[in-house]
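Work through the exercises below with the sequence and the model at hand.

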Amino acid sequence: MAIRYALPNGLTVVFEEQHAAKVAAFQVWVKAGSADERPDQAGLAHLHEHMLFKGTERRGPGEVARDVESHGGEINAWTSYDQTVYHIVIASQFARMGLDILGDAVRRSAFDAGELSREIEVVCEEIKRSQDTPSRRASRDLFSTAYQVHPYRLPVIGTEESVRSFTREKVLEFYHRHYTPKNLVLSVAGDLREADLREWVDDIFGGDWGRPYEGRVARAPEPVAAGRRILLRPDEVKEAYLHLAFGIPQADHEDVPALDVLAMIAGQGDASRLVREVKRRHNLVNDIHTFAYTPTDPGLFSASLTLQPANAVRALEETARGLATLRATPVTAEELATAKALVEAEAVYQRETVQGVARKMGFYQSGMGSLEAEARYYEAVRNLTPEHLRAAAERYLRFDRAVVTGLLPEGTPLTEAQVHEVLDAVDRAPAAAPPERKPRKVAVSDSPVRILKGTSAGPSDIITEKLPSGATIVVRVEPAVPLFAIRAAFAGGLRYETPEDNGITTLLTRSITRGTPTHDAEEVSDLIDAYAGSLGGQGGRNSVGLRGEFLSRHFEPAFRLFADCLLNPSFPEAEVARERTLLLQDILTREDKPSSVAFDLFSKTIYRTHPYRMPTTGEQASVEKLTPELLRAWHAAHMDPSQLTLSVVGDVKVDEVMALAREYFGASRGKAAPPPKVSLEAPLEGPREAKKVLARAQAHLVLGFPGMRVGDPQQHALEVLSTVLSGQGGRLFVELRDKRSMAYSVSSFAIEGVDPGYFATYMGTSPEKVDAALAGIRAELERVRDEPIPAEELARAKQHLIGTHEIGLQRNGSRAALLALDTCYGLGLENFLHYADHVAKVTADDVREVARKIINFDRSALAVVGP
């Protein structure tokens with residue numbers, strides 16, 4: 001049960017005790033975001049998000065992150081128009097220290113002038129990175145067009161010009177104005193006792209901060225739009241980005257529950273109307289999604305489309321027509337019941353992690369004024385009728401006041417006049433009937449979802465059983481939340497591919513839920529929503545499979561749907577053709593994501609013959625040749641029950657899981673093929689380098705070395721080495737980002753495979769900094785290879801690995817994935833049960849030994865992508 005109380009100084013505390021995992025989450029919600037800035041402060045709220053981790057009166061630069069990571073925690077922040085939020089997740093045994101660090105950062109940040117100038121450079125790199133991201137550019141255009149006066153028209157991050165103008169005095173002025181107890185909410189969830197928390201909060205956050213609250217900043221209200229607002233502009237993108245949006249009220253308005261449910265029915269998930277009609281029936285878009293954005297001040301209802309330029313006019317027309325039917329005709333009772341269940345199920349899924357619980361409480365208390373607003377919201381959702389939704393659509397989806405923005409490749413046949421013509425025509429036309437939906441073949445309960453407040457019941461032992469077919473079933477009962485996750489894993493993936501069929505794993509995983517002999521694609525999507533879950537194929541470099549997550553109350557029918565899709569995918573010609581076209585479009589638009597291009601180039605450089613050299617999406621020539629027949633043959637050969645590892649984790653009964661597993665997976669189909677013979681990559685004979693020119697604001701570089709197999713005895717030492725280098729307290733971050741302001745993003749990682757993977761570093765930086773950045777990365781790699789790691793730094797890296805492993809395993813899906821893949825790769829339960837023990841045993845000598853083995857610049861690969 002959540003509690004709320006206020007300190008005498010005005011700070012509000014919300015807390016929910018949870019003991020399912022030995023983890024605690026702390027979040028400070030500052031009720032000030034970019035919309036609270038003056039014109040000369042654009043980007044200042046976001047700069048605070050960076051500066052609060054740069055040192056306090058008690059902790060020097062880098063120590064805030066280092067202290068959290070050395071105790072196994074994670075620290076980060078985000079800035080929105082209305083809030084700035086700082087959050088720590090940490091093992092509960094270190095909870096007081098985590099809270100002390102967060103309180104110190106929020107209450108006593110130093111804002112050192114030298115650190116400020118360096119961090120301004122980092123933010124400018126972040127701005128360049130966002131300029132290279134088409135979806136960010138498209139979103140900026142939407143908000144700058146929808147809002148002409150209100151501060152939501154400006155980017156949260158600011159501009160390079162505004163950020164470079166900031167002085168320490170400007171920063172302190174904003175800090176003293178907004179970072180005051182009455183303007184803060186502390187949200188806490190996890191494995192703590194209320195009495196302890198109250199004592200710590202009094203000590204850390206209590207007393208007079210010397211910063212009285214001056215009240216909320218007045219924001220310029222946005223006038224009601226007199227007509228349409230349209231912004232279409234040419235851009236160097238491979239696909240068009242369109243938004244069709246409408247003004248709607250703010251978060252606390254009574255119409256928001258109806259608008260949220262409308263957005264879900266219109267365009268969220270494969271069963272939604274616009275996805276079915278515009279994407280699947282008419283094949284007009286690569287993706288379409290609707291959302292109701294309801295911040296503190298009036299927001300937007302928007303349909304977001306990505307599409308091939310030639311389809312722009314028709315896609316806009318069909319999207320508008322789909323929204324118009326919502327105004328004219330009430331949704332069906334079945335659609336509404338499913339949407340209500342999905343909205344309430346989201347609340348259950350959020351309870352899987354302590355940070356999810358803390359985020360929900362922080363949002364309702366700071367953004368909606370009270371924790372009770374959550375119960376009122378769900379009650380309002382439960383009481384919605386089809387007429388409520390129709391009335392809300394009629395009130396707000398007004399084409400005479402629509403906002404249309406587009407980021408268009410050169411030559412896209414869409415003009416402002418055509419936008420007016422299309423919307424006028426749809427507005428005048430008699431409303432079309434809503435798309436027909438097949439009656440559901442199975443009955444689904446429509447009783448409200450239970451939003452449980454967690455339980456202290458612990459997990460069961462891990463049960464494994466080998467079926468007569470050869471399938472391995474792994475089950476762990478985790479009763480804390482009424483959910484379960486299911487994962488099927490098979491050896492395969494990119495490693496089983498050739499240049500002729502490259503991309504087959506990706507196409508297969510996208511098509512596997514698009515129909516079976518008993519359910520067509522539409523029915524599968526409908527049932528996934530009916531069971532308030534998710535279901536989709538997964539493929540990687542070494543495996544292929546299916547993943548699902550559902551409410552426990554739907555366990556048996558959801559398991560049967562999962563098994564049907566896994567065993568009996570029919571790969572219908574039309575569905576495969578559609579998915580193939582979308583995959584080819586993804587291949588075409590790779591260059592819109594320059595960091596991905598850099599990793600593709602790196603893979604081709606470090607591998608010359610091994611399948612790992614190929615992109616997981618495939619190449620155009622190979623994907624164009626893939627047919628339903630090839631998918632069926634590959635599925636029969638490599639996804640037979642005899643090759644299956646199945647894991648189920650969550651609020652389930654072991655005997656029910658085993659009974660269904662034996663029913664579906666107990667016998668082999670008899671068509672399984674032996675694994676292909678994959679030749680190992682020859683050792684590198686010298687350094688390799690590849691460059692690709694892309695006209696972008698940033699350059700992206702990947703420098704790496706041949707790595708290890710999964711299960712290698714030195715794998716944990718290599719993970720520790722990578723952690724010494726990466727993370728906010730790691731050497732690359734501290735030396736190259738914190739001290740030298742070279743990048744917003746710099747990291748290292750070890751990617752193991754069934755065959756040897758790689759160890760690599762990545763950085764996105766300004767083109768003129770590439771040589772210096774490379775020299776800096778090389779220097780840090782040489783230092784970690786040639787010098788012993790100090791005991792304190794080694795302890796930080798090990799504790800950070802152990803802690804983040806535990807934090808990451810709060811979700812059923814994460815536990816199910818680890819159990820399935822480790823069993824599939826023959827690693828057993830060691831990783832799951834004894835990961836912390838293995839990492840704890842790593843010594844400084846182990847790390848130095850693995851560094852000397854891996855880091856060899858004479859056997860390295862470098863990929864650089866940029867201008």
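This is a predicted model: local features need pLDDT of at least 70, side-chain atom pairs count only at pLDDT 80 or more; totals for chains, interfaces and linings use all residues.

**Exercise 1.** Describe the second largest pocket and identify the elements that line it.

*Solution.* Step 1: the volume of the second largest pocket is about 1000 Å³. Step 2: the lining consists of 35 residues, and those closest to the centre are Gln715, Glu719, Glu752, Asn831 and Tyr835. Step 3: two or more lining residues come from each of helix 25 (715-725), strand 20 (743-751), helix 28 (791-808), helix 29 (812-824), helix 30 (830-840) and helix 31 (844-854). Step 4: helix 25 provides the largest share, six residues. Step 5: by type, this lining has 13 nonpolar, 14 polar and eight charged residues.

**Exercise 2.** Compare the span of helix 28 with the expected value, and name some of its buried residues.

*Solution.* Step 1: helix 28 contains 18 residues. Step 2: from first C-alpha to last, helix 28 reaches 26 Å, close to the 26 Å expected at 1.5 Å a residue. Step 3: buried means under 20% relative accessible area; the buried residues of helix 28 include Glu793, Arg796, Lys798, Leu801 and Ile802.

**Exercise 3.** How many cavities of 30 Å³ or more does a search of the whole structure find, and what lines the largest cavity?

*Solution.* Step 1: the search finds four such cavities. Step 2: the largest cavity holds about 140 Å³ of space. Step 3: among its 15 lining residues, Ala271, Glu335, Thr338, Arg437 and Asp529 lie nearest the centre. Step 4: helix 12 gives the most to this lining, five residues. Step 5: the lining of the largest cavity divides into five nonpolar, three polar and seven charged residues.

Note on methods:
Residues are numbered from 1 along each chain as its sequence is written. Side-chain values use heavy atoms; hydrogens and water are left out. On a 1 Å grid over the protein atoms alone, a cavity is a set of points where a 1.4 Å probe fits but cannot get out, and a pocket is an open set with protein on both sides within 12 Å along at least five of seven lines; lining residues have an atom within 4 Å of a point. Grid points are joined across faces, edges and corners, and a volume is the space filled by probe spheres set on the points. Helices (H or I, at least four residues) and strands (E, at least two) are DSSP runs, numbered from the N terminus. Ala, Val, Leu, Ile, Met, Phe, Trp, Tyr, Cys and Pro count as nonpolar, Asp, Glu, Lys and Arg as charged, and the others, Gly among them, as polar. The expected span of a helix is 1.5 Å times one less than its number of residues. Buried means under 20% relative accessible area, exposed over 50%, partly exposed in between (1.4 Å probe, protein chains only).
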